[in-house]
Structures are given as structure tokens and as C-alpha cells.
Amino acid sequence: MVALVSQDNVVALVSRTGRELQRYRKGRRQVVGCIPYRYKIGDQTSLEAQEELEVLVISSQKGKGMLFPKGGWELDESKKEAALRETMEEAGVRGTVEGKLGKWSFKSKTRDTFYEGYMFPLLVQEQLEFWPEQNVRQRIWMSVSEAREVCQHWWMKEALERLVNRKLGRVTQIEIVGSIHCIGDGNSDL
């Protein structure tokens with residue numbers, strides 16, 4: 001008997017490694033990541049069922065902190081493809097990558113260099129039972145307020161605030177310059 005398996009459900013259980021294909025811009029390593037999210041249905045006994053935003057955080061390989069999945073953007077992929085790949089490798093989830101939350105410049109905690117990071121929301125549609133980094137990371141669904149407390153990177157916390165504001169329909173950045181009003185939601189490179 002032969003079993004046929006769809007390629008859509010097959011995941012390579014090995015993460016990409018090495019820096020041969022890594023993108024750099026003006027000497028800064030380019031990294032991309034996602035904030036995986038879903039809606040949790042609240043108390044069904046109330047007249048109005050409350051939908052609560054939950055996000056997925058993962059443990060760091062190098063420390064005790066928690067963060068959102070992210071990693072190197074490589075030459076053979078778009079930003080969104082890289083963000084989706086990193087999220088699948090590190091957190092074991094797949095879904096729809098939405099519009100960019102923003103771009104951040106930050107200093108590496110382990111190297112004396114600066115990175116440029118791009119973050120995207122990812123509406124989770126599938127949580128895998130097996131994924132490449134399952135033996136070296138923990139993944140935990142939590143509320144936004146819990147994620148604010150445990151996330152170890154300031155720039156990821158900013159990205160989380162942009163996601164929350166976007167989902168709640170609020171403007172995340174307003175700058176007044178003279179009589180010119182500039183409004184950005186992370187889709188620009190402000």
C-alpha cells in the first residue's frame with residue numbers, strides 16, 4: 001500500500017543555518033520576524049462573546065527570556081517569505097503574514113553590531129505538532145499584557161503595540177511638524 005502525502009503538510013525538520021545567503025544593508029544584518037496571533041473566544045455565558053487577542057512567544061536559545069520568532073532575511077526570499085519561514089522553524093506555526101508593522105534598528109546583545117529588524121503580524125491558521133526547533137524552544141500562547149511583561153526586546157514590544165493598535169483600529173504614531181501632520185502605522189519606514 002502506498003500513502004500519498006500532500007507537500008503542503010510536509011515540513012522540513014531542519015532549520016536553515018549559516019550566513020552565506022544572509023542580507024546586509026550598510027553593514028547591518030537584516031532580520032525579519034512575526035508576531036503570531038489568534039483570537040480566543042471569551043466567556044460564552046455573557047450576552048456578547050468577547051474575542052481576546054492572544055500572541056505566541058517562544059523561548060530564546062541563548063538566554064532565559066521570551067521573544068517573538070525572528071531570524072535572518074536571506075537573498076533567495078522576500079521579507080514576508082523569510083518571516084514565515086523563521087516563524088515556522090522557531091515556533092512551529094503557519095498562517096497569513098500581514099502588512100509590515102515597522103522597521104527597527106537595534107544593537108545585538110551578543111555582538112558589537114547593529115541590526116535592522118522588520119516585524120509582521122501572522123494570523124495563525126495551523127499549529128504544527130513537529131517543527132525544526134521544537135527541542136530547543138518552548139512556545140507559549142499568552143495575552144498581550146503577559147507578552148508585554150516577558151518579551152525581552154524593546155523593539156519587539158513596540159511591534160506588539162503596533163499590532164494591538166492596528167487590530168483595535170487606532171493610529172499608532174502621530175507626529176506634528178509645523179503645520180504638516182504625518183501619520184504612520186508601521187507600513188511606512190518612519
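**Entry 1: S108**

I looked up S108 and found it in the loop between β7 (102-107) and β8 (114-127). Strands here are DSSP runs of E, at least two residues, and helices are runs of H or I, at least four, numbered from the N terminus. The model is predicted, so local features need pLDDT of at least 70 and side-chain atom pairs 80 or more, while totals for chains, interfaces and linings use all residues. Residues are numbered from 1 along each chain as its sequence is written, and side-chain values use heavy atoms, without hydrogens and water.

Is S108 buried or exposed? S108 is buried, because its relative accessible area is 10%. Buried means under 20%, exposed over 50%, partly exposed in between (1.4 Å probe, protein chains only). Leaving out residues up to four places away in sequence, I see S108 touching T113 and Y115. Contact means heavy atoms within 4.5 Å.

**Entry 2: salt bridges**

I searched the whole structure and got 11 salt bridges. Each is a side-chain nitrogen of Lys or Arg within 4 Å of a carboxyl oxygen of Asp or Glu.

I checked E54 and R38: their closest N and O atoms are 2.7 Å apart. This pair links distant parts of the chain, 16 residues apart, with E54 in strand β3 (residues 51-59) and R38 in strand β2 (residues 28-41). E54 is buried at 10%, whereas R38 is partly exposed at 30%.

**Entry 3: helix α1**

I found E89 and R85 in a salt bridge at 3.5 Å, N to O. They sit four residues apart in helix α1 (residues 79-91), so about one helical turn separates them. A network of salt bridges links E77, R85, E86 and E89.
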